[in-house]
Amino acid sequence: MTSTLGHALLGALARGPQTGYDLSRLLARPVSFYWHARHSQVYPELARLHDAALVCYEVIDGPGPRETKRYEITVDGTAELRRWLGEPTPAEPVRDEFLLKVWSMWLVDEATAVRMIEGRMAQHAERLAGFEVEVEETRVAAGAATDEPGTVPFASDALLQRGIAHERMAHDWCAWLLGRLRGSGGPGGAPGGLD
């Protein structure tokens, strides 16, 4: 059975032949905004995909003394990727330590709560800026293809637009929460604290 990482690698290889290093970089940006794989996991998974005849490779000249393999998805690999895409995706449990802290922030003073929210708000602003740069780069490189369903740029743009929407919503939620904190007298069980 192919793992989620295996399917991620098949999805990357469906875009074109790549080395293990190239695949690690592709999974790092923009895929890592949503799903993370360590570089050390990529090569063993490629070996499993090769053993299952879902990918093949050719040895090419590389920068180092060891051989460099350029991988390509096979017909069976494409069929497996399509099969996986058609399956329902189970809802992932949300495990966000920051939200767990928000749930208990009534125990800290206003200044601590404000610092906590401002820190997270800055993270969302930074990620939002990163997504916007990615969108611009994708649109410059692909042009009108980003608006054409059934193309790689369209799918990449869709992922990035989801990131932009999420980061804007999270940033706006932090701004709302800061307004509540500053307008309520703060948490900590005092009158006018958080509900």
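**A salt bridge, a helix pair and a pocket**

Glu-58 and Arg-70 form a salt bridge through their side chains, at 2.7 Å from N to O (a side-chain nitrogen of Lys or Arg within 4 Å of a carboxyl oxygen of Asp or Glu). The pair joins distant parts of the chain, 12 residues apart: Glu-58 lies in strand β2 (residues 55-60) and Arg-70 in strand β3. Strands (E, at least two residues) and helices (H or I, at least four) are DSSP runs numbered from the N terminus. The structure has 10 salt bridges.

The model is predicted: local features need pLDDT of at least 70, and side-chain atom pairs count only at pLDDT 80 or more, while totals for chains, interfaces and linings use all residues. Residues are numbered from 1 along each chain as its sequence is written, and side-chain values use heavy atoms, leaving out hydrogens and water.

Helix α1 (residues 4-13) packs on α2 at an angle of about 100 degrees, and their axes are 10 Å apart. That makes α1 roughly perpendicular to α2 (65 to 115 degrees). Leu-5, Ala-8, Leu-9, Ala-12 and Leu-13 of α1 meet Leu-23, Leu-26 and Leu-27 of α2, where contact means heavy atoms within 4.5 Å. By class, this contact has 8 nonpolar, no polar and no charged residues.

Helix α2 (20-28) also gives two or more residues to the lining of the second largest pocket, as do α3 (39-51) and β3 (68-73). The largest share, 4 residues, comes from α3. Of the 15 lining residues, the closest to the pocket centre are Tyr-43, Arg-66, Glu-67, Thr-68 and Lys-69.

Methods. 1 Å grid on protein atoms, 1.4 Å probe; cavity = no way out; pocket = protein on both sides within 12 Å on 5 of 7 lines; lining within 4 Å. Axes fitted to C-alpha atoms, helices over the stretch in contact; angles between N-to-C directions. Parallel < 35°, antiparallel > 145°, perpendicular 65-115°, else oblique. Nonpolar A, V, L, I, M, F, W, Y, C, P; charged D, E, K, R; others polar.
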